[in-house]
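Please read them with the model open.

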Protein chains: 2
Amino acid sequence: MSTIVNRRDLDFLLYEALGIDELLANPRYSDYDRESITAIFDLSQTLAEEQFQPFAGYLDQNEPQYVDGKVQMIPEVKEALNAYREAGLFATGYDADLGGMQLPWVVHQSISAIFTTANTSVSNYVFLTQGAANLLNACGSQELKDKYLPKMVSGDWFGTMCLSEPHAGSSLADIRSKATPQADGSYKITGTKMWISGGDHEITDNIVHMVLAKVPDSPAGVKGISLFLVPKNRVDDNGDIIGSNNIALAGLNHKMGHKGTTNCLLNFGESGDTIGHLVGNVNEGLANMFHMMNEARIAVGMGATVIGLGGYLYSLDYARNRPQGRHLGNKDPESPMVMISEHADVKRMLMTQKAFVEGAQALLMYSAILLDRQQLADSEDERVKANLLLELLTPICKSWPSEFCLEANKLAIQVLGGYGYTVEYPVERYYRDNRLNHIHEGTHAIHGLDILGRKVRIANGAALHALRDEIMETITDCAQDASLQAHCQQLGDALKTVQLTLDAVSKCPDPSLALANATLFLDAMGHVVIAWMWLQQAKAAQLGLANGEGHDAAFYQGKLAACRFFYRYELPKAIEKFDLVASLDDTCFNLSAEQFVGI
Amino acid sequence: MSTIVNRRDLDFLLYEALGIDELLANPRYSDYDRESITAIFDLSQTLAEEQFQPFAGYLDQNEPQYVDGKVQMIPEVKEALNAYREAGLFATGYDADLGGMQLPWVVHQSISAIFTTANTSVSNYVFLTQGAANLLNACGSQELKDKYLPKMVSGDWFGTMCLSEPHAGSSLADIRSKATPQADGSYKITGTKMWISGGDHEITDNIVHMVLAKVPDSPAGVKGISLFLVPKNRVDDNGDIIGSNNIALAGLNHKMGHKGTTNCLLNFGESGDTIGHLVGNVNEGLANMFHMMNEARIAVGMGATVIGLGGYLYSLDYARNRPQGRHLGNKDPESPMVMISEHADVKRMLMTQKAFVEGAQALLMYSAILLDRQQLADSEDERVKANLLLELLTPICKSWPSEFCLEANKLAIQVLGGYGYTVEYPVERYYRDNRLNHIHEGTHAIHGLDILGRKVRIANGAALHALRDEIMETITDCAQDASLQAHCQQLGDALKTVQLTLDAVSKCPDPSLALANATLFLDAMGHVVIAWMWLQQAKAAQLGLANGEGHDAAFYQGKLAACRFFYRYELPKAIEKFDLVASLDDTCFNLSAEQFVGI
């Protein structure tokens, strides 16, 4: 079996559970049908298995180094990305007018995910470039787009996002980088940017940085931040490189995971002028950046999910092939050992991984379809609804897999035992890689504040209403199926608990206390949404089971079991968290810094 | 503040919460009082901070390498262990008749723990040596003890435990290493041992391996395993080294954490004869090994706990010194940033760490005191009771910190944000180091089977009765304190739930199904025991608060808050797990291997 993608499940989610056919019927995607999409998946899987997966562990153990102001890395990275480019796969993320393949976003995302599982560190360069290109495309002037976008779309030049600074990570209001206007309309950029993934390397001839900085006399805080395009190398009007733009690589951060992706400290304008170009209007930089945030955050969540998937598939394959011990009650030491997949606790650990990973994958694909629907909407109402759902689901998409697919990775190690703890097997690397996802693109806490402090209330609660309507529709659809009725009841009750929780929070006179347990709310809402995803999958599995035979029947039975597992073992945890949020518990909130250890 | 030990809390646990005075009153410990113990802690903390902590990160990044059949490692390891030996600290773990300091076990364990937090990889060598020495002392012949023990007690020679083989990790019944009797009473040892921590190095002149192997015609399975002392270098009757014993280092396992501790694949008797000496009787090897298991497993749990402590203290110190963002509601971007310890979610993450780490530390110290009591018991009844409590608590001592102090380490990273994900800060190393503790000295699943399948039933449930009596005594003691009554009620109810759960499990006709969710039972029982530990701490804090002022008052208030936190946020999770165990849920148990992914 492949250990980077479960093609049966991918098809199940696309065509049976989430209904991608509806998208494919749209003229925008008239070039594609199930057959042609399968062919792209085939190509992607082969390339990922042959050119990305084999050196993922080697890259992790031989991370890029800072040598004389430059990045040195193993040549396999560039070779893999060249193969990716030559296969035309950079084009999956763009529309035809940019020279892209104009695929449904959900298909593009699923393709990218195969490479992320195979070699997260390498696929990051692609993802970062596409993010920067989409931001430029959405907000840049035609002149800038003409000059930079084609090279980014083709993958000849890579891109980055430069937000954080050493003293300002989560608190972007406090960035200090400056942009000083020049007579020709460009800006001189000065300052230091921290945590810049892909911030420097020798893979491509140029790197296009999208940089937040402040122009003189701009307002304090986030209202005074502007966005600039700042290339590593300057480019003339023909698009040719004409020399360095004086961005100095001040150092590489060496991290627990994602080791193959350079993470840089960059100094702008220290050793000579660094020239940047305004993207969008002055002081609208953060707002422009956030245009692309839903996509970026959903991509982070998808990354967390499929790193979880990698661990799940690898540990499943291992468990089915590793003999160890005997069934409980078999006291005959001369009887043959059984495969560890026969042991109850190994099954529990595999099932937990399956429930988390396949639940998250459904959510991320559903959300990608919402991005597609937003674009295809026939009416403004439809577009607004897709948008509201996305706004509400984005913090969950980003955060829930970061927490629970990391937990899946922890269990994957445990299935392998001592072997899982060694670098000879990929599961410990997955665990290290996945630990990043709580932190970047907004920390877990920030998404908690976002959902409980803002998203549940936007448009007078319309986003929450839209989500509730969608979930109720699934409940109604399933209520006729006797085997799903208990789940329907439980999910309906959970929705009521959400409302009671929000009512209680809204009555709290102290807005800080109201949000004190926002992270718990975020996790709990995630559980409700994932339970909904499992109900949808169970419904589709019941349908499939009516016709499924052999392996297919086993596949569908596994889906139904995972749904039962999630409702039995996981959803009750959400109810407890809602209870804590609703109680406005102040145990932690009231603690003073010296009470922790008495000094 | 120290980031490796909280001396105020150590004293609180020893003298206020757990009552070590009672031990010190015993003539066995007449050399010690609070003052002299404080002096040993002072010495240990200084040595650990000056000689162990500074290179822990460097060692992690420069792990031992296999070069021409030998281990190469940075010299700091040997230097630190020399300093430890010269300070006389190897002696903390032994009785006076062996040349040791004859300290209460709980004090010895607390001293060792300081070094574990400072530099886990280095302290492992000490811990392994003491385990091997204690095993030899308990089970070896006088001749063997005379020859090997003094050098191990002094720390001149190190020791290991050699149980696992490449094909047999958890399943020791299936080991294949052979011991062939020789005319002189010794044995030729052949076979391959895997995962041998400290299995080879050049730190000491000799390494004393305690090896499980099978003599010819021994019964199949665990009943045919014998224990042998097998030195790296042969020793003459004067105790002098006379040449190699032909144990070949076949390779080093490179691991996610504990990188400074060599982990070896060893071949015995391949390049020449490897001579071993029987320890205890033939075929009683596993039973003998298990004599020392309670101690070893409690030590593993203590290790997991104080790795958690290291993350907690470091992230607390960081949070109180890192400015970032402003209070919610403060919209003025020109106001100064606040320390992140002011943010509600950071407080929650710090509190979670505190509740887990200080709860586990109380349990591990209580269990160490039980080891002491077992030895000091005035009556057989007392001894039996201490032993029963230890038998029942050992799987929890080993497993609960492995799970929940790992979670604490995850949160420590989160408090530091992006910085926490880099190797410049120790918190990601703690997270990697701690991940081992689920796996070695019996996996999490094995301890689940141990507690639910065996320990709750031993001596007709007497261990469980003894635990219940102890907990009820604390509840009775606290019931007069109005501020603790709700906790008493909740803990009493939890005890009832334990009994109902066991009643349900005992009625299950299928013993395999009965144990299918044993791991959940293990985690839940741990929560009950830790809740008990927090009630004891709360009681002591109330007492202290009556007299405490200033910093002391803050310390006690923090303890009370952590107790409230554990009862409010954590204990309810145990009730849910008991419910799942009692329901004999078979969702995972009935799953077939092909249902996971349909192939």
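1. In chain B of this predicted model, helix α10 (residues 293–319) packs against helix α12 (residues 380–416) at an angle of about 20°, with the axes 8 Å apart. Helices (H or I, at least four residues) and strands (E, at least two) are DSSP runs numbered from the N terminus. Axes are lines fitted to C-alpha atoms, for helices over the stretch in contact, and angles run from 0 to 180 degrees between N-to-C directions. α10(B) and α12(B) are therefore roughly parallel to each other; angles under 35 degrees count as such, over 145 as roughly antiparallel, 65 to 115 as roughly perpendicular and the rest as oblique.

2. The crossing of α10(B) with α12(B) is left-handed, that is, the near helix is turned anticlockwise from the far one by less than a right angle, whereas clockwise would be right-handed. Their contact has 14 nonpolar, nine polar and three charged residues. Here Ala, Val, Leu, Ile, Met, Phe, Trp, Tyr, Cys and Pro count as nonpolar, Asp, Glu, Lys and Arg as charged, and the others, Gly among them, as polar.

3. Also in chain B, helix α1 (residues 7–17) packs on helix α11 (residues 344–376) at about 45°, with their axes 10 Å apart. That angle makes α1(B) oblique to α11(B). α1(B) passes α11(B) in a right-handed crossing. Asp9(B), Leu10(B), Leu13(B) and Leu14(B) of α1(B) meet Glu358(B), Gln361(B), Ala362(B) and Met365(B) of α11(B), where contact means heavy atoms within 4.5 Å. By class, five nonpolar, one polar and two charged residues take part.

4. In chain A, helix α15 (residues 458–478) and helix α18 (residues 518–547) pack at about 35°, with axes 10 Å apart. α15(A) and α18(A) cross in a left-handed way. Residues in this contact include Leu464(A), Leu467(A) and Ile471(A) from α15(A), and Val528(A), Trp532(A) and Leu535(A) from α18(A). The contact has 10 nonpolar, two polar and three charged residues.

5. How is chain A laid on chain B? A turn of 180° and a shift of 0.0 Å along the axis do this with an RMSD of 0.0 Å, the relation of a two-fold axis. The superposition is by least squares on the C-alpha atoms of residues with pLDDT of at least 70 in both copies. Lys573(A) comes closest to the rotation axis of the residues of chain A, at 3.7 Å (C-alpha).

6. The contact between the chains takes 98 residues from chain A and 99 residues from chain B. About 8,700 Å² is buried between them, 60% of it from carbon and sulfur atoms; buried area is the accessible area (1.4 Å probe) that two parts lose on being put together, summed over both. In chain A, Tyr421(A), Tyr569(A) and Phe596(A) lose the most area to chain B, together 10% of what that side buries. The copies meet through the same surface, because 100% of the interface residues of chain A are also interface residues in chain B.

7. On conventions: residues are numbered from 1 along each chain as its sequence is written, and chains are lettered from A and ligands numbered from 1 in the order in which they are written. Local features need pLDDT of at least 70, side-chain atom pairs count only at pLDDT 80 or more, and totals for chains, interfaces and linings use all residues, while side-chain values use heavy atoms, with hydrogens and water left out.
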